[in-house]
Amino acid sequence: MQKLSLQCLKADQPLITTIRNASKKTGGSTRNKKGHPRPKHRGWRVQDGHYVSHGTILATQLTTRFHPGLNVGLGRNGTLFAIEHGKVVVTCEPIDPNWDHTWIQRNYAGRQGQTIYKKFFNVIPEEQHQRFRLVDEI
């Protein structure tokens, strides 16, 4: 046994070393870098002629692209939503902007005195309410 162990430890034989190389290429530049926000998908949510319930979001926007009409509310972030159940009707009408409103000042600056046409979202109720009061007889 001693002879075997002496043969294994000879100084004449070179030590075998292993070299480990990189298994992947180095990362280059990429076009889709981290940090890009997901798209917000702004715009129309409900098309003209569809029926909606109250509270349904009709459109989302950053600027005043769409305006609220009959039975439609305007959220703080510009979202248009239905106030009543009914059918959505989109019309193109001239606007009479309230120049004191911050959204109007920001988006229509320098357009005073001009006729501006915009899309209006309206919700026509399914059933008309019967809450009319007779004010005066003819």
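Among contacts in the protein between residues at least 6 apart in sequence, 63% join residues at least 24 apart. Keep in mind that this is a predicted model. The chain has 138 residues, and 23% of them count as buried. Its accessible surface comes to about 12,300 Å², with carbon and sulfur atoms holding 52% of that.

As for secondary structure, there are two helices and eight strands. Walk along the sequence and you get the pattern α-β-β-β-β-β-β-β-α-β.

**The sheet**

Four of the strands make an open sheet in the order E1-E3-E6-E5, and the pairing is antiparallel. The edges belong to E1 (43-44) and E5 (72-74); each has a single partner strand, so one side of each is left without a neighbour in the sheet.

Let's go through the pairings. E1 and E3 (residues 57-60) run antiparallel and are joined by two bridges; here Trp 44 sits opposite Ala 59. E3 in turn is joined to E6 by two bridges, again antiparallel, and Ile 57 faces Phe 81 across that pairing. Between E5 and E6 (residues 80-82) there are three bridges, also in antiparallel fashion, and Val 72 is found opposite Ala 82.

**The aromatic cluster**

Trp 44 turns up again once you look at the rings. How many aromatic pairs does the count come to? The count is three. One of them is Trp 44 with Phe 66: the ring centres are 5.8 Å apart and the planes stand at 85 degrees, so this pair is edge-to-face. It links distant parts of the chain, since Trp 44 is in strand E1 and Phe 66 is in strand E4, 22 residues apart.

Phe 66 also pairs with Phe 121, with ring centres 5.4 Å apart and planes at 85 degrees, so this one is edge-to-face too. Phe 66 lies in strand E4 and Phe 121 in strand E8 (residues 116-125), so the pair ties together parts that are 55 residues apart in sequence. Taken together, ring pairs link Trp 44, Phe 66 and Phe 121 into a cluster.

Is Trp 44 buried or partly exposed? Trp 44 counts as partly exposed, at 27% relative accessibility. Phe 66, by contrast, is buried at 2%, and Phe 121 is buried at 0%.

Which residues does His 50 contact, leaving aside its neighbours within four places in sequence? They are Gly 86, Lys 87 and Val 88. The C-alpha atoms of His 50 and Gly 86 are separated by 8.4 Å, though the two residues are 36 apart along the chain.

Thr 64 has its own set of partners. Not counting residues up to four places away in sequence, Thr 64 touches Trp 103, Asn 107, Tyr 108 and Lys 118. With Asn 107 there is a polar contact between the two side chains, at 3.5 Å.

Key:
Residues are numbered from 1 along each chain as its sequence is written. This is a predicted model: local features need pLDDT of at least 70, side-chain atom pairs count only at pLDDT 80 or more; totals for chains, interfaces and linings use all residues. Side-chain values use heavy atoms; hydrogens and water are left out. Two strands pair if DSSP finds at least two bridges between them. Contact means heavy atoms within 4.5 Å. A polar contact is a pair of N or O atoms within 3.5 Å; within protein, one must be able to donate a hydrogen and the other to accept it, and residues adjacent in sequence count only if both atoms are side-chain atoms. Buried means under 20% relative accessible area, exposed over 50%, partly exposed in between (1.4 Å probe, protein chains only). Accessible areas come from the Shrake-Rupley method with a 1.4 Å probe; for residues, only the protein chains shown count as cover. Rings of Phe, Tyr and Trp (its six-membered ring) pair if their centres lie within 6.5 Å; planes under 30 degrees apart count as stacked, over 60 as edge-to-face and the rest as tilted.
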